[in-house]
Amino acid sequence: MNLDFDLALHLEPYEIESTIKMLETELKKQKTDIFGLEAEGKIVPQSLVQKNRDTKVLLESIQAGTEKMFGISLYIDSKHYDRKKLDDVSRKIQDKMASLMITPKVPSFQMYKALRSTLPVLDDQLSIKREITSSAASACFPFVMSSLESKAGGILMGFNTINDIPVIVDPFRASNPNILVLGTSGGGKSYCIKLYLMREFLEGVDTNVIDPQAEYSDFAKTFNGKTIKIAPGSDTVLNPFDLLGLTLDEKKLSLLSFFRVLLGEMDEGERAILDDCIDATYDSVGITKDPKTWSKHPPTIADLYDQILPLTKSEKDIIYKPSMKIANRLKSYVYGPLRFLDQQTKINMDNRVITFDIKDTPDIGKATMMFLLLEFIYTEMKKSRKRKILVVDEAWTVLSAGDDGEYILRIVKTCRKFNLGLVMITQDVEDVLTSRAGRAVLSNTATKVLMKQDPSVIKDLTDRFRLNEKEQMFLQTAGLGNALLILGTMRTPIRIKASPEEHRIITTNPDELMEMVHEAEALKVRREGVPDLDVNKLLQRKINLTNDQIEALSRIGFHEARVKNLSGTSELFLIRNETGYTDERFVLQELIQEEIMKYTKKAMIHYTELADISFESKDGRMIGIEVVAEASPDMDERIIKKKLPILEKYDEYFIVAAREETQRLEGYGRIYSRQQVPDVITSYLQS
Ligand SMILES: Nc1ncnc2c1ncn2[C@@H]1O[C@H](COP(=O)(O)OP(=O)(O)OP(=O)(O)O)[C@@H](O)[C@H]1O
Ligand SMILES: [Mg+2]
């Protein structure tokens, strides 16, 4: 409204029990009224009947747990420096509210209370309330965004960075279901999409991923999906010549693009030769323009090579030169490291989640492989109208290769028709902005996620997306997981946040992954224990342990400490000290307890205000022991002074001091050194 006012909304949840009681009383009252009227032979007003019905429905839904009751108060504090203009502001607000069927009242003689009630101090002094249900309360929530409104059935993309409101969108309902993620390396692009995929999966959407980094396998595993590894030696192969349901003409078009990826740029002459040879290759296995022949066994790259080889013997330069060039480059796909392409297609696609791991595909073949897969998956996915997603991570490799964007344009333009959302992730922002292919993708992608950007591309981005200054700043300084979400003409800065469970599945942070392995191992140690060892004992002597035992203990939080034992010589221990005390103090306390335990089980260590250790002597008296091992004699004394009133409540107490000089402690009780402990304990516990 562009007016100056504060709006305060107090929402107070009511106890379910008292609400039910209140409603039951209300129901009884209504029934008595209705009954009374009927008994007198009067007409029962419809409003009363309706009220009775509503109360009943409300009571039922509260008992069923689908609704809760709230007390709601709504106050508006209109402001202006000028008295007359203030009235103006108030009137405008009143008008606006009237249009929403709300009739506001001015609390004329309670202005102080009213003002307090609008301050953000949770002090509803006016306490003018109305009871409403949860669904009504949620409709009152005032912080709806004007830009990206949440829609039922969408996906939680993140939280608005300004007001933390969940941003829920459904990319499939945009003008096209494609998504483009742009940002610097490590900004959280893959993370964002993995999260999106997981959430879409739960909505019933199928997903395929072309995964050059092999980082989506955990995601696939979690959802019983499948990871298809494509590398020399793997069983899965894609034959580029396989028609895969395309017509021969379509296939030839895509093959020409494919070979441009495979062989690099070609001149006129080379292209002509290749074109002829592809025709001849299909011809050689009996596949012609006649659709009946298309189901025949397709040729492979070796067949193409066989067609080209004779041409390299040609006398004519115009044939010899280009065919020689093609043959040379093709050789590695027939004899060299990329020979695995030269086979018939063998891929089983019967799963809702499939990731294609091409990490171990030789580098020179990566772009080719991505291209082939894109084509293959696209063709497969065209077969159903179900919602599905194809993710191409590190997409620039495939976007940039080939025929200057024609090919990719064909795919991004048509996937909407098959309900296929193409998700492309890339860090090569500049290429996307400047190349033809990039522009084709941009103009056919409704949802864009811009993550942290290099300063060098900000200007181009600003031109392309008309970013304002704030957005430019945001993108340059965006932290991990922050993004500008652009959907059509609307944009919102969001923070992408996963639940801990989701995070565990999708993170690639090596430290965290290590941590998870450790956690799993630690859990195993805690559950299954360690042979011949009590892992619940917080103090272990290293000399008694095997290497395996030491390793297992260190997994569950034990560490090594060299500390003096009760004979006064230093010894290596493995300890799990979670007390906040120094290791020396911790070990001393544990050793004293151990000493007592030789005679009686009635000993305890306290980490509270009680004596550090207490035990029952042979003749049934409670003995308290205070252990002091502070940083300075001064601190030792302070501790004892504080503890004294408690220690004096025991039948007897004594102090064990780690420090040699104990003058400061004299006068507070009997003081022993650690070496004296065994004898003292014996005196209490041996008959
Ligand atoms: N929203 C987030 N919340 C928490 N951690 C995140 C978030 N986004 C990313 N990370 C962490 O950062 C790591 C790197 O993120 P991610 O792999 O998504 O980067 P990227 O942009 O895909 O980088 P590259 O371009 O190198 O592939 C993740 O494994 C994860 O640990
Ligand atoms: Mg990535």
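Predicted model: local features only at pLDDT ≥ 70, side-chain atom pairs only at ≥ 80, totals over all residues.
The protein has 687 residues, of which 30% count as buried, and its secondary structure comes to 24 helices and 22 strands. If we ask how its radius of gyration stands beside that of a compact globule, the protein has 38 Å, whereas a compact globule of 687 residues would have a value near 26 Å. Taken along the principal axes, the box filled by the C-alpha atoms is roughly 115 × 95 × 60 Å. Among the contacts with a separation of 6 or more, 66% are between residues 24 or more positions apart.

Let me turn now to a pair of helices, α14, which covers residues 406-414, and α16, which covers residues 436-443; their axes come within 9 Å and cross at roughly 5°. Because angles under 35 degrees count as roughly parallel, α14 is described as roughly parallel to α16. On the α14 side the contact is made by I408, L409 and V412, and on the α16 side by A437, A440 and V441.

Finally, which residues lie closest to ligand 1? The ligand is surrounded by 17 residues, and the closest are G188, S190, Y191, G481 and N509. Helix α6, residues 189-202, gives the largest share of this shell, namely three residues.

Technical notes:
Residues numbered from 1 in each chain as written. Chains lettered and ligands numbered in written order. Near = placed C-beta within 6 Å. Helix = DSSP H or I, 4+ residues; strand = E, 2+ residues; numbered from the N terminus. Rg over C-alpha atoms; globule rule 2.2 N^0.38 Å. Buried ≥ 20, exposed ≤ 12 C-beta atoms within 10 Å, placed from the backbone. Contact = placed C-beta atoms within 7 Å. Axes fitted to C-alpha atoms, helices over the stretch in contact; angles between N-to-C directions. Parallel < 35°, antiparallel > 145°, perpendicular 65-115°, else oblique.
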